[in-house]
Amino acid sequence: MRNQRQVVDYALQRRALLADVRSGRVGTAEVCDAGPYLLRAAKFHGEPGEGPCPVCRKEAVTLVSWVYGDELQHASGSARTPAELARMAKLFGEFTVYVVEVCQTCAWNHLVRSYVLGTGDPRGSSKKTAGQ
C-alpha cells in the first residue's frame, strides 16, 4: 500500500524469539498458541506469506491484517483482506493495521509489522472555524 505511514517492523523481535525456541529456552507450546479466531481469520482473510513456518516447516505462513481505530467503530478489531484495506484507506482518516503471521498447521503466530493507513483527514471534520 502506498500510503502506509508509521511503519514498525518486528523482525528483530521475531528472530530473537525463534533463537530462544531453537535453543530450548522457550517451548514450542508457548509460541504455537494461535486461538481459533486467529486461525479462522487466517483461513478466510489471510494472504500467503513468504516462506514456510519457522517452527514446523510444514506449510507456508499466512499473513492476517487486523484493523483498529476509533473511526472504524464496529469494524475495529476485525481481520481484513488487502482489497478491503485499500478501500478502507480511502474512506477513513486514520486507522492502524497489525499484520500477524500464522501457521495453520502448528498454530505459530507472531506480529510481523504495524502501520497506519487512511486519508490523513479525520472523518467528518468540518473545514469551518468556530466563528463561521
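This is a short talk about the largest pocket of this structure and the helix and strands around it.

Hi everyone, thanks for coming. Before we look, please keep in mind that this is a predicted model.

Let's start with the pocket. The largest one holds about 310 Å³ of space. It has 15 lining residues, and those closest to the centre are Arg 14, Glu 50, Glu 101, Val 112 and Arg 113. So what is the lining like by class? There are seven nonpolar residues, seven charged ones and one polar one.

Which elements supply at least two residues of that lining? They are α1, spanning 11–23, and the strands β2 (47–52), β3 (60–68) and β6 (109–117). The largest share belongs to α1, with five residues.

Now α1 itself. This helix has 13 residues and reaches 18 Å from its first C-alpha to its last, close to the expected 18 Å. Just after α1 comes Gly 24, with a positive phi of about 90°.

On to β6, my other stop today. Is this strand mostly covered or mostly open? Mostly covered: seven of its nine residues are buried. β6 runs antiparallel to β1, residues 5–9, and three bridges join the two. One partner pair there is Asp 9 with Arg 113 of β6, and Arg 113 is also among the residues closest to the pocket centre.

β6 also pairs with β5, residues 95–102, in the antiparallel sense over eight bridges. In that pairing, Tyr 98 has Ser 114 of β6 as its bridge partner. The hairpin of β5 and β6 has six residues between the strands, and Ala 107 in this hairpin takes a positive phi near 75°.

That's my tour, and I'm happy to chat.

Conventions
Residues are numbered from 1 along each chain as its sequence is written. This is a predicted model: local features need pLDDT of at least 70, side-chain atom pairs count only at pLDDT 80 or more; totals for chains, interfaces and linings use all residues. Side-chain values use heavy atoms; hydrogens and water are left out. On a 1 Å grid over the protein atoms alone, a cavity is a set of points where a 1.4 Å probe fits but cannot get out, and a pocket is an open set with protein on both sides within 12 Å along at least five of seven lines; lining residues have an atom within 4 Å of a point. Grid points are joined across faces, edges and corners, and a volume is the space filled by probe spheres set on the points. Helices (H or I, at least four residues) and strands (E, at least two) are DSSP runs, numbered from the N terminus. Ala, Val, Leu, Ile, Met, Phe, Trp, Tyr, Cys and Pro count as nonpolar, Asp, Glu, Lys and Arg as charged, and the others, Gly among them, as polar. The expected span of a helix is 1.5 Å times one less than its number of residues. Buried means under 20% relative accessible area, exposed over 50%, partly exposed in between (1.4 Å probe, protein chains only). Two strands pair if DSSP finds at least two bridges between them.
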